[in-house]
There are 2 protein chains.
Amino acid sequence: MPQGQPTHVPDDGLTTRQRRNRPLTIVHTGPGKGKSTAAFGLALRGWNQGWPIGVFQFVKSAKWRIGEESALKALGELHERTGQGGAVDWHKMGEGWSWIQRDLHSDPELQADNARAGWERIKADLAAETYRLYVLDEFTYPMKWGWVDVEDVVQTLAERPGAQHVVITGRDAAPALLEAADLVTEMTKVKHPMDAGQKGQKGIEW
Amino acid sequence: MPQGQPTHVPDDGLTTRQRRNRPLTIVHTGPGKGKSTAAFGLALRGWNQGWPIGVFQFVKSAKWRIGEESALKALGELHERTGQGGAVDWHKMGEGWSWIQRDLHSDPELQADNARAGWERIKADLAAETYRLYVLDEFTYPMKWGWVDVEDVVQTLAERPGAQHVVITGRDAAPALLEAADLVTEMTKVKHPMDAGQKGQKGIEW
């Protein structure tokens with residue numbers, strides 16, 4: 001898409017440069033494919049800018065996102081070895097946030113605790129300006145399920161220091177989050193091979 | 001998203017494995033962000049599977065996709081050096097398909113010729129099974145503008161050999177292409193910072 005011009009210039013006392021570099025809250029929602037995939041694509045851009053990137057995966061799965069994880073970790077290792085691009089930290093619920101040691105497989109309450117622990121970690125990282133880009137993958141669900149308070153998320157994002165961009169993915173994003181976001185894209189399913197009896201395949205679905 | 005089960009099993013004489021490994025035609029269309037970004041995210045999955053990946057960019061620009069290009073090329077170089085992941089070829093119109101030497105800056109007819117040359121190259125690659133995943137970025141536009149014949153695209157894709165996946169991005173995908181596709185996602189713009197007077201910024205827009 002062309003970058004184009006703003007449709008109007010707001011009377012907010014900011015210079016164009018200040019406005020341009022304002023940290024963004026980005027939400028990818030809707031029932032279609034591509035919400036997380038586009039977020040990881042954005043991480044490629046951030047990596048190329050040399051940004052430290054923090055990925056936080058909020059839904060446990062054996063093989064989801066394994067392609068993105070391997071590729072982004074490989075880019076992070078390339079950064080460590082050569083200085084090209086930025087650092088990549090990949091935090092995964094279920095295989096365990098590294099800062100919590102519990103068995104999550106059976107107990108939904110433990111999953112809720114774990115999601116909350118993940119969010120507290122993100123709050124600490126935002127306060128410390130650990131990353132320049134945060135990918136909070138499937139983070140709408142802990143909010144939807146009441147495990148993480150939406151108002152706390154909105155307030156924390158509003159008050160975050162510096163120029164930290166945050167991308168949140170998942171279906172059913174809360175209205176308050178959409179209201180607070182700078183950029184919202186809804187992915188709509190138009191046609192999907194599972195509708196024609198086809199199961200997911202490696203390289204495409206994970 | 002969970003992988004789930006097919007909504008029904010078709011009476012097409014294929015085994016589940018045959019159906020599962022059927023090559024996919026994927027279209028990302030609509031006015032929202034994320035069409036190309038999600039396609040490059042898919043390329044991360046393919047890279048992790050060790051697939052040779054061919055990217056063909058059909059719209060010329062100084063800085064679009066530079067982040068994805070740098071990151072995917074870095075992954076391609078990593079493959080060459082260590083064998084990890086897959087090979088990546090990046091073909092770009094404007095900086096010139098490498099197989100055409102012409103100045104494109106002034107003449108729309110030359111741009112049309114160049115788009116057609118790019119499509120002929122893709123047809124040759126599909127016939128030769130050069131890649132396992134093709135990202136045809138912004139390829140809807142040469143079709144929309146009448147430079148490349150939609151029916152030729154649909155027929156070529158229908159007759160392509162092997163297990164070659166093709167992802168096509170861009171607004172206003174032709175109905176015949178949508179009909180032929182296995183997976184179509186429409187990206188809808190819900191909210192965009194340019195509406196609030198904010199211009200694009202590096203790491204986010206490119």
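Biologist: Which residues does Leu75(A) touch, not counting those up to four places away in sequence?
Modeller: Keep in mind that this is a predicted model. In chain A, Leu75(A) touches Leu44(A), Trp47(A) and Gly86(A). From chain B, Leu75(A) touches Ala71(B), Ala74(B) and Leu75(B).
Biologist: OK, and how many residues are in the largest nonpolar core?
Modeller: That core has 46 residues. Leu72(A), Leu75(A), Leu72(B) and Leu75(B) are the ones with the most contacts inside it.
Biologist: Let's look at α3(B), then. How many residues does helix α3 of chain B have, and how far does it reach?
Modeller: Helix α3(B) covers residues 66-82, which makes 17 residues. From first C-alpha to last, α3(B) reaches 24 Å, close to the 24 Å expected at 1.5 Å a residue.
Biologist: Which residues in α3(B) are buried?
Modeller: Among them are Ala71(B), Leu72(B), Ala74(B), Leu75(B) and Leu78(B). Gly67(B), Glu68(B) and Glu69(B) are buried too.
Biologist: And what do the buried residues of α3(B) pack against?
Modeller: Parts of both chains. On the chain A side they pack against α2 (35-48) and α3 (66-82). Within chain B, their partners are α2 (35-48), β2 (53-57) and β3 (88-92).
Biologist: What comes just after α3(B)?
Modeller: Gly83(B), which takes a positive phi of about 85°.
Biologist: Which strands is β1(B) joined to?
Modeller: There are 4 bridges from β1(B) to β5(B), residues 165-169, and the two run parallel. Another 4 bridges join β1(B) to β6(B), residues 183-191, also parallel. For example, Ile26(B) stands opposite Val167(B) in β5(B), while Val27(B) has Val184(B) in β6(B) as its bridge partner.
Biologist: Last topic, aromatics. How many aromatic pairs are there over all chains?
Modeller: The count comes to 14. In one pair, Tyr131(A) and Tyr134(A) have ring centres 5.3 Å apart.
Biologist: Why is that pair edge-to-face?
Modeller: Because the planes of the Tyr131(A) and Tyr134(A) rings are at 85°, and over 60 degrees counts as edge-to-face.
Biologist: Are Tyr131(A) and Tyr134(A) buried or exposed?
Modeller: Tyr131(A) is buried, at a relative accessible area of 5%, and Tyr134(A) is buried at 0%. Together with Phe56(A), Tyr131(A) and Tyr134(A) form one aromatic cluster.

Terms used: Residues numbered from 1 in each chain as written. Chains lettered and ligands numbered in written order. Predicted model: local features only at pLDDT ≥ 70, side-chain atom pairs only at ≥ 80, totals over all residues. Heavy atoms only, no water. Phe/Tyr/Trp six-rings, centres within 6.5 Å; stacked < 30°, edge-to-face > 60°. Buried < 20%, exposed > 50% of the residue type's maximum accessible area, 1.4 Å probe, protein only. Pairing = 2+ DSSP bridges. Expected span 1.5 Å × (residues − 1). Contact = heavy atoms within 4.5 Å. Core = buried A, V, L, I, M, F, W, Y, C linked by side-chain atoms within 4.5 Å.
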